[in-house]
Amino acid sequence: MKRILYFFITIMAIAFTACSGRKGYFTIEGRFLNMNQGELYVYSNDGLTNGIDTIKVNGGRFSLDIPCKRKGTLMIVFPNFSEQPVFAEPGKSVDIKADASHLKQMTTTGTKDNELMSDFRQAVASASPPETVKMAETFIKDNPKSQVAIYLMNKYFVCSGNTEYVKKAKELLPLINQPDNGELVRMQRNIDMLLASCKGNMLPAYNATTTDGNPVSNATFRGKTTIIFTWASWSFESENMMRRVNTVINNAGGSVAALGINVDASAKICSTVMKNESLTYPSVCDEQLFESKLLSKLGLHAVPDNIIVGPDGKVVARSVPIDEIERYLR
């Protein structure tokens with residue numbers, strides 16, 4: 001009988017260890033189909049990690065241990081520059097399976113939140129944008145204690161660029177039942193900032209210093225149509241935005257201005273990219289990543305994202321797609 005009990009305890013211990021990571025760490029294990037070698041990048045916009053981690057893919061497999069003292073969200077940037085969230089918990093591990101040619105069908109197992117996200121990802125794979133937003137709203141209402149609810153709130157409502165969706169976020173926020181999660185306080189502040197600076201309102205007052213050491217503020221660009229946008233050296237889409245904006249400004253004859261806000265961890269990296277790209281407009285890099293006070297004040301919380309401001313200082317548009325910016329920058 002004792003042998004049976006010992007055997008049972010041993011099996012349970014092995015099973016527990018298999019689904020847990022190292023104490024004080026969060027572990028990501030994964031494998032790809034149709035990708036043998038490469039690199040992935042990992043960052044966090046809720047302060048869980050600082051800077052960017054690199055994951056090497058060898059033989060289609062990859063792994064990463066991240067120091068983790070609290071729950072948080074990690075964003076994995078894939079070789080095609082698409083991003084998917086992974087929800088971290090101290091002492092836990094997850095297993096990712098993905099086909100490099102169909103990353104929207106990625107599955108993550110090991111914790112409840114990651115499995116919920118995998119289910120949601122599969123459910124919206126063929127949904128239209130309005131249907132996806134409606135499904136996100138339903139998920140938030142049905143899962144108010146989940147980390148996924150906060151991610152979906154940010155993605156589909158707070159950072160949507162749609163004032164009506166931001167108003168919906170204000171309605172949904174009290175439903176999220178996570179009293180110890182400081183991210184909700186920041187989200188409330190972001191929502192208030194966005195509603196205060198929505199289309200037709202004056203852009204909130206700001207002051208910053210560019211990588212060249214020059215001060216910039218609302219007054220710097222008064223009298224010109226201006227685009228303020230976020231970018232990062234690791235974001236292919238934002239680099240496209242940088243180049244497109246540079247071309248528009250150079251062809252505008254002085255009537256259009258731009259201010260980049262770089263979210264890299266190093267101002268040196270920002271300056272190097274600007275020099276290599278021969279950019280003619282200023283950028284700010286305070287090395288605070290997504291904790292930047294300037295980002296918070298302007299209600300910018302994604303990469304890339306943007307605000308178009310008219311010559312009178314009023315917001316003309318937010319989150320304009322890259323292919324439409326010329327229509328506003330005239």
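## M274 and helix α8

M274 is a residue of helix α8; helices here are DSSP runs of H or I with at least four residues, strands are runs of E with at least two, and both are numbered from the N terminus. At 10% relative accessibility M274 is classed as buried, where buried means under 20% relative accessible area, exposed over 50%, and partly exposed in between, with a 1.4 Å probe and protein chains only. Apart from neighbours within four places in sequence, M274 is in contact with T211, W231, L279, Y281, P282 and S283; contact means heavy atoms within 4.5 Å. N201 lies 73 residues from M274 along the chain, and the two C-alpha atoms are separated by 31 Å.

This is a predicted model, in which local features need pLDDT of at least 70 and side-chain atom pairs count only at pLDDT 80 or more, while totals for chains, interfaces and linings use all residues. Residues are numbered from 1 along each chain as its sequence is written, and side-chain values use heavy atoms, with hydrogens and water left out.

## The five-stranded sheet

An open sheet with mixed pairing is formed by five strands in the order β13-β12-β11-β14-β15; two strands pair if DSSP finds at least two bridges between them.

I228 is placed opposite L259 of β12. In a regular strand the side chains alternate between the two faces of the sheet.

## Pairing of strand β1

Strand β1 (residues 25–33) runs antiparallel to strand β4 (residues 61–67), and seven bridges join them. T27 faces D65 in β4.

With strand β7 (residues 93–99), β1 pairs in the parallel sense, over seven bridges. The bridge partner of L33 in β7 is D99.

Q84 is located in strand β6 (residues 83–88). Its relative accessibility is 10%, so Q84 counts as buried. The side chains of Q84 and R121 make a polar contact at 2.9 Å; a polar contact is a pair of N or O atoms within 3.5 Å, where within protein one must be able to donate a hydrogen and the other to accept it, and residues adjacent in sequence count only if both atoms are side-chain atoms. With neighbours within four places in sequence set aside, R121 is also listed among the contacts of Q84, together with L74, M75, I76, F78, L103, K104 and M106.

T111 sits in the loop between β8 (102–109) and α2. T111 is buried, its relative accessible area being 5%. A polar contact of 2.7 Å joins the side chain of T111 to that of N114. Not counting residues up to four places away in sequence, T111 touches F87, E89, K92, S93 and V94.

## Helix packing

The axes of α2 (residues 112–123) and α4 (residues 147–158) come within 9 Å and cross at roughly 45 degrees. That angle makes α2 oblique to α4, since angles under 35 degrees count as roughly parallel, over 145 as roughly antiparallel, 65 to 115 as roughly perpendicular and the rest as oblique. On the α2 side D113, L116, M117 and F120 take part, meeting Q147, V148, Y151, L152 and Y156 in α4.

Helices α3 (residues 129–142) and α5 (residues 163–172) pack at about 10 degrees, and their axes are 11 Å apart. This makes α3 roughly parallel to α5. The contact involves V133, E137, I140 and K141 of α3 with Y165, K168 and L172 of α5. Their crossing is right-handed; a crossing is right-handed if the near helix is turned clockwise from the far one by less than a right angle, and left-handed if anticlockwise.

## V166 in helix α5

V166 belongs to helix α5. With a relative accessible area of 5%, V166 is buried. Residues up to four places away in sequence aside, V166 touches F157, V158, S160, I191, L194 and L195. V166 and F229 are 63 residues apart in sequence and 19 Å apart in space, C-alpha to C-alpha.

Terms used: Axes fitted to C-alpha atoms, helices over the stretch in contact; angles between N-to-C directions.
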